[in-house]
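Visitor: I'm new to this one. Could you show me how to read its features, one at a time?

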Amino acid sequence: MTEPLRLSKRMSELGLCSRREADEWIARGWVRVDGKVVSELGTKILPTQRVTVERQAAAEQSKRVTILINKPMGYVSGQAEDGYKPAVALVKAESRWKEDTSPTQFHPTQLRSLVPAGRLDIDSVGLLVLTQDGRIAKHLIGETSSVDKEYLVRVQYMKPGKLPEADLKRLNHGLMLDGKKLLPAQVKWQNEDQLSFVLREGKKRQIRRMCDIVGLKVVGLKRVRIGRVKLGDLPVGEWRYLAEDEQF
(Lines give C-alpha, C1' and ligand atoms only; values in the text may rest on other atoms or scores of the structure.)
Protein backbone atom coordinates (compact mmCIF):
# COMPACT_ATOMS: atom_id res chain seq x y z
CA MET A 1 0.00 0.00 0.00
CA THR A 2 1.30 3.47 -0.87
CA GLU A 3 2.40 5.40 2.24
CA PRO A 4 1.20 8.97 2.87
CA LEU A 5 3.87 11.68 2.75
CA ARG A 6 4.11 15.30 3.78
CA LEU A 7 2.34 17.67 1.41
CA SER A 8 5.42 19.93 1.22
CA LYS A 9 7.60 16.97 0.20
CA ARG A 10 5.09 15.91 -2.44
CA MET A 11 4.98 19.46 -3.85
CA SER A 12 8.77 19.44 -4.12
CA GLU A 13 8.69 16.03 -5.84
CA LEU A 14 6.18 17.38 -8.35
CA GLY A 15 8.54 20.28 -9.13
CA LEU A 16 6.02 22.90 -8.00
CA CYS A 17 8.41 24.59 -5.57
CA SER A 18 10.90 23.94 -2.79
CA ARG A 19 9.78 22.51 0.55
CA ARG A 20 10.28 25.88 2.22
CA GLU A 21 8.14 27.59 -0.43
CA ALA A 22 5.53 24.85 -0.03
CA ASP A 23 5.23 25.53 3.71
CA GLU A 24 4.81 29.26 2.98
CA TRP A 25 2.09 28.61 0.41
CA ILE A 26 0.27 26.12 2.64
CA ALA A 27 0.25 28.62 5.52
CA ARG A 28 -1.19 31.29 3.19
CA GLY A 29 -3.97 28.99 1.98
CA TRP A 30 -2.64 28.83 -1.56
CA VAL A 31 -2.56 25.02 -1.86
CA ARG A 32 -5.42 22.67 -2.69
CA VAL A 33 -5.54 18.89 -2.45
CA ASP A 34 -8.25 17.30 -4.57
CA GLY A 35 -9.80 20.77 -4.89
CA LYS A 36 -9.90 21.56 -1.15
CA VAL A 37 -7.70 24.19 0.51
CA VAL A 38 -5.14 22.74 2.92
CA SER A 39 -3.61 25.27 5.32
CA GLU A 40 -2.24 23.05 8.09
CA LEU A 41 1.52 22.54 8.05
CA GLY A 42 2.60 18.91 8.28
CA THR A 43 -0.47 17.60 6.47
CA LYS A 44 0.14 14.23 4.83
CA ILE A 45 -1.38 13.09 1.56
CA LEU A 46 -1.27 10.09 -0.76
CA PRO A 47 0.81 10.34 -3.96
CA THR A 48 -2.37 9.64 -5.94
CA GLN A 49 -4.07 12.81 -4.67
CA ARG A 50 -4.15 15.88 -6.93
CA VAL A 51 -2.22 18.96 -5.78
CA THR A 52 -2.87 22.41 -7.27
CA VAL A 53 -1.75 25.91 -6.28
CA GLU A 54 -3.51 29.25 -6.50
CA ARG A 55 -2.49 31.92 -9.00
CA GLN A 56 -1.00 34.05 -6.20
CA ALA A 57 1.67 31.38 -5.70
CA ALA A 58 2.67 31.43 -9.37
CA ALA A 59 2.78 35.23 -9.31
CA GLU A 60 4.96 35.19 -6.20
CA GLN A 61 7.29 32.64 -7.79
CA SER A 62 7.65 34.65 -11.00
CA LYS A 63 9.09 37.54 -8.99
CA ARG A 64 11.92 35.40 -7.64
CA VAL A 65 15.27 36.19 -9.20
CA THR A 66 18.31 34.11 -10.11
CA ILE A 67 21.67 35.86 -10.24
CA LEU A 68 24.93 34.80 -11.85
CA ILE A 69 28.17 36.08 -10.28
CA ASN A 70 31.76 35.83 -11.45
CA LYS A 71 33.06 35.10 -7.96
CA PRO A 72 36.52 36.42 -7.16
CA MET A 73 38.97 34.60 -4.92
CA GLY A 74 38.55 35.26 -1.21
CA TYR A 75 34.73 35.16 -1.09
CA VAL A 76 32.76 32.25 0.35
CA SER A 77 29.71 30.87 -1.45
CA GLY A 78 27.32 30.90 1.48
CA GLN A 79 27.24 32.62 4.85
CA ALA A 80 30.18 34.67 6.08
CA GLU A 81 32.80 32.58 7.86
CA ASP A 82 36.27 33.13 9.38
CA GLY A 83 36.15 36.82 8.52
CA TYR A 84 35.55 36.21 4.81
CA LYS A 85 32.69 37.93 3.00
CA PRO A 86 29.88 35.96 1.34
CA ALA A 87 29.47 36.24 -2.44
CA VAL A 88 26.01 37.81 -1.97
CA ALA A 89 27.82 40.94 -0.69
CA LEU A 90 28.81 41.56 -4.32
CA VAL A 91 25.17 41.88 -5.39
CA LYS A 92 24.49 45.62 -5.42
CA ALA A 93 23.38 48.08 -8.05
CA GLU A 94 26.85 49.44 -8.80
CA SER A 95 28.40 46.01 -9.44
CA ARG A 96 25.73 44.85 -11.92
CA TRP A 97 27.31 44.12 -15.31
CA LYS A 98 26.70 47.06 -17.63
CA GLU A 99 25.94 44.67 -20.51
CA ASP A 100 23.21 42.77 -18.66
CA THR A 101 20.22 42.83 -21.03
CA SER A 102 17.63 41.70 -18.47
CA PRO A 103 14.77 44.21 -17.99
CA THR A 104 14.62 43.31 -14.28
CA GLN A 105 15.33 46.28 -12.03
CA PHE A 106 17.53 45.68 -9.01
CA HIS A 107 15.95 46.15 -5.60
CA PRO A 108 17.43 45.25 -2.18
CA THR A 109 14.41 43.01 -1.46
CA GLN A 110 15.86 40.60 -4.03
CA LEU A 111 18.61 39.82 -1.50
CA ARG A 112 16.10 38.13 0.80
CA SER A 113 16.32 34.35 0.65
CA LEU A 114 18.98 34.62 -2.08
CA VAL A 115 21.00 31.44 -1.58
CA PRO A 116 23.81 29.71 -3.48
CA ALA A 117 22.72 26.81 -5.68
CA GLY A 118 25.99 24.94 -5.28
CA ARG A 119 29.30 25.86 -3.75
CA LEU A 120 32.53 27.31 -5.08
CA ASP A 121 35.54 27.15 -2.75
CA ILE A 122 37.01 30.33 -1.30
CA ASP A 123 40.17 29.89 -3.39
CA SER A 124 38.24 29.14 -6.60
CA VAL A 125 36.76 31.66 -9.02
CA GLY A 126 34.11 31.80 -11.72
CA LEU A 127 30.42 31.11 -12.19
CA LEU A 128 28.30 31.00 -9.03
CA VAL A 129 24.50 30.87 -9.02
CA LEU A 130 22.45 32.61 -6.33
CA THR A 131 18.70 32.09 -6.46
CA GLN A 132 15.42 32.76 -4.67
CA ASP A 133 13.75 30.04 -6.74
CA GLY A 134 13.60 26.68 -4.99
CA ARG A 135 12.93 24.89 -8.30
CA ILE A 136 16.25 26.07 -9.72
CA ALA A 137 18.12 25.17 -6.54
CA LYS A 138 16.66 21.67 -6.62
CA HIS A 139 17.47 21.31 -10.33
CA LEU A 140 21.11 22.26 -9.76
CA ILE A 141 21.93 20.63 -6.42
CA GLY A 142 19.11 18.22 -5.62
CA GLU A 143 19.86 14.54 -5.07
CA THR A 144 18.65 13.65 -8.55
CA SER A 145 20.41 16.54 -10.34
CA SER A 146 22.29 15.59 -13.50
CA VAL A 147 23.39 19.10 -14.50
CA ASP A 148 27.07 19.08 -15.46
CA LYS A 149 29.57 21.77 -14.53
CA GLU A 150 32.74 22.70 -16.40
CA TYR A 151 35.96 23.94 -14.81
CA LEU A 152 39.30 25.13 -16.18
CA VAL A 153 42.03 23.93 -13.84
CA ARG A 154 45.65 25.09 -13.96
CA VAL A 155 47.88 22.37 -12.53
CA GLN A 156 51.48 21.55 -11.71
CA TYR A 157 52.73 17.94 -11.82
CA MET A 158 54.62 17.22 -8.61
CA LYS A 159 56.59 14.24 -9.96
CA PRO A 160 59.32 14.01 -12.63
CA GLY A 161 58.15 14.07 -16.24
CA LYS A 162 54.53 14.37 -17.36
CA LEU A 163 51.26 12.98 -16.02
CA PRO A 164 50.97 9.40 -17.34
CA GLU A 165 48.09 8.68 -19.68
CA ALA A 166 46.90 6.00 -17.25
CA ASP A 167 46.45 8.64 -14.53
CA LEU A 168 44.50 10.89 -16.90
CA LYS A 169 42.19 7.92 -17.50
CA ARG A 170 41.84 7.48 -13.73
CA LEU A 171 40.71 11.10 -13.44
CA ASN A 172 38.04 10.37 -16.05
CA HIS A 173 36.88 7.13 -14.48
CA GLY A 174 38.18 5.13 -11.57
CA LEU A 175 38.94 7.34 -8.57
CA MET A 176 37.35 6.99 -5.15
CA LEU A 177 36.74 9.68 -2.52
CA ASP A 178 35.53 9.07 1.03
CA GLY A 179 35.23 5.36 0.27
CA LYS A 180 32.85 5.88 -2.66
CA LYS A 181 33.50 5.63 -6.38
CA LEU A 182 33.11 8.92 -8.22
CA LEU A 183 30.78 9.32 -11.15
CA PRO A 184 32.52 9.31 -14.55
CA ALA A 185 34.04 12.69 -15.41
CA GLN A 186 35.35 14.27 -18.60
CA VAL A 187 38.93 15.41 -18.07
CA LYS A 188 41.24 16.49 -20.88
CA TRP A 189 44.22 18.73 -21.47
CA GLN A 190 43.52 22.25 -22.76
CA ASN A 191 47.22 23.08 -22.99
CA GLU A 192 50.41 21.91 -21.30
CA ASP A 193 49.45 23.12 -17.82
CA GLN A 194 45.65 23.39 -17.91
CA LEU A 195 42.96 20.71 -17.71
CA SER A 196 39.24 20.91 -18.44
CA PHE A 197 37.01 19.06 -15.94
CA VAL A 198 33.32 18.35 -16.57
CA LEU A 199 31.61 16.90 -13.48
CA ARG A 200 28.08 15.78 -12.64
CA GLU A 201 28.63 15.86 -8.89
CA GLY A 202 30.17 18.33 -6.48
CA LYS A 203 31.82 16.82 -3.44
CA LYS A 204 33.72 19.23 -1.20
CA ARG A 205 37.01 20.25 -2.88
CA GLN A 206 36.50 17.37 -5.29
CA ILE A 207 38.74 18.52 -8.13
CA ARG A 208 41.63 19.43 -5.82
CA ARG A 209 41.38 16.05 -4.10
CA MET A 210 41.16 14.19 -7.42
CA CYS A 211 44.27 15.97 -8.67
CA ASP A 212 46.15 15.28 -5.45
CA ILE A 213 45.58 11.53 -5.86
CA VAL A 214 47.46 11.50 -9.19
CA GLY A 215 50.23 13.90 -8.12
CA LEU A 216 48.84 17.14 -9.55
CA LYS A 217 48.81 20.37 -7.57
CA VAL A 218 45.98 22.78 -8.42
CA VAL A 219 47.29 26.34 -8.80
CA GLY A 220 44.10 27.85 -10.24
CA LEU A 221 40.47 26.75 -10.60
CA LYS A 222 37.71 28.53 -12.51
CA ARG A 223 34.14 27.37 -13.15
CA VAL A 224 33.09 28.44 -16.64
CA ARG A 225 29.76 26.66 -17.21
CA ILE A 226 26.79 25.19 -15.35
CA GLY A 227 24.57 23.15 -17.65
CA ARG A 228 23.83 25.33 -20.68
CA VAL A 229 24.69 28.60 -18.91
CA LYS A 230 28.19 29.93 -19.50
CA LEU A 231 30.26 32.47 -17.58
CA GLY A 232 31.08 34.17 -20.88
CA ASP A 233 32.41 37.73 -20.66
CA LEU A 234 30.97 38.50 -17.22
CA PRO A 235 33.75 40.46 -15.44
CA VAL A 236 35.23 39.29 -12.14
CA GLY A 237 33.26 40.62 -9.15
CA GLU A 238 30.22 41.58 -11.26
CA TRP A 239 26.83 39.92 -11.67
CA ARG A 240 23.84 39.65 -13.98
CA TYR A 241 20.35 38.19 -13.93
CA LEU A 242 19.57 34.82 -15.47
CA ALA A 243 17.72 35.76 -18.65
CA GLU A 244 14.13 34.66 -19.18
CA ASP A 245 15.14 32.51 -22.15
CA GLU A 246 18.12 30.91 -20.37
CA GLN A 247 17.86 27.43 -18.87
CA PHE A 248 20.41 25.33 -17.09
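This is a predicted model: local features need pLDDT of at least 70, side-chain atom pairs count only at pLDDT 80 or more; totals for chains, interfaces and linings use all residues.

Visitor: Let's start with a helix. Which residues of H5 are buried?

Guide: The general idea comes before the case. An α-helix has 3.6 residues a turn, so residues three or four places apart point the same way. Now look at H5: Asp 167, Leu 168 and Leu 171 are buried there. Looking down the axis of H5, you find its buried residues within an arc of 105°, so they line one face of the helix.

Visitor: And what does the face of H5 turned away from its buried side carry?

Guide: That face has the exposed residues Glu 165 and Lys 169.

Visitor: What covers the buried residues of H5?

Guide: The cover includes S9, strand S12 (186-191), strand S13 (194-199), helix H6 (206-213) and S14. Take Leu 171 as a close-up. Leu 171 belongs to helix H5 and counts as buried at 2% relative accessibility. Leaving aside residues up to four places away in sequence, Leu 171 touches several others, among them Leu 163, Val 187, Phe 197, Met 210 and Leu 216. Cys 211 is also one of the residues that Leu 171 touches, and Cys 211 is itself buried, at 0% relative accessibility.

Visitor: Next, salt bridges. How many does the count come to?

Guide: The count comes to 18 salt bridges. To read one, look for a side-chain nitrogen of Lys or Arg within 4 Å of a carboxyl oxygen of Asp or Glu.

Visitor: Which parts does the salt bridge between Glu 150 and Arg 225 tie together?

Guide: The closest N and O atoms of Glu 150 and Arg 225 are 3.0 Å apart. Glu 150 lies in strand S9 (residues 149-157) and Arg 225 in strand S14 (residues 216-226), so the pair ties together parts that are 75 residues apart in sequence. Arg 225 is buried, with a relative accessible area of 14%.

Visitor: Which residues are linked in a network of salt bridges?

Guide: Look for Arg 119, Asp 121, Asp 123, Arg 205 and Arg 208, which are linked in such a network.

Visitor: Now strands. How do I read a sheet?

Guide: Strands of a sheet pair through backbone hydrogen bonds, either parallel or antiparallel. Here, an open sheet of 3 strands has the order S3-S2-S5, with antiparallel pairing. Strand S3 (36-37) and S5 stand at the edges with a single partner strand each, so one side of each is left without a neighbour in the sheet. S2 and S3 are joined by 2 bridges, and Arg 32 stands opposite Val 37 in S3. Arg 32 also forms a salt bridge with Glu 54, the closest N and O atoms being 2.4 Å apart.

Visitor: How many residues of strand S6 are buried?

Guide: In a regular strand the side chains alternate between the two faces of the sheet. In S6, Thr 66, Leu 68 and Asn 70 point one way and Ile 67, Ile 69 and Lys 71 the other way, and all are buried. That is 6 of the 6 residues of strand S6 (residues 66-71), so S6 is largely enclosed by the rest of the structure.

Visitor: Which strands run antiparallel to S6?

Guide: Strand S8 (residues 125-131) is joined to S6 by 6 bridges, and Thr 131 in S8 is the bridge partner of Thr 66. Strand S16 (residues 239-241) is joined to S6 by 3 bridges, with Trp 239 as the bridge partner of Ile 69. Both pairs run antiparallel.

Visitor: Last one: how many disulfides does a search of the whole structure find?

Guide: The search finds 0 disulfides. As for individual cysteines, Cys 17 is buried, with a relative accessible area of 2%.

Technical notes:
Residues are numbered from 1 along each chain as its sequence is written. Side-chain values use heavy atoms; hydrogens and water are left out. Helices (H or I, at least four residues) and strands (E, at least two) are DSSP runs, numbered from the N terminus. Buried means under 20% relative accessible area, exposed over 50%, partly exposed in between (1.4 Å probe, protein chains only). Contact means heavy atoms within 4.5 Å. Two strands pair if DSSP finds at least two bridges between them. A disulfide is a pair of cysteine sulfur atoms within 2.5 Å. The arc is that of the directions from the helix axis to the C-beta atoms.
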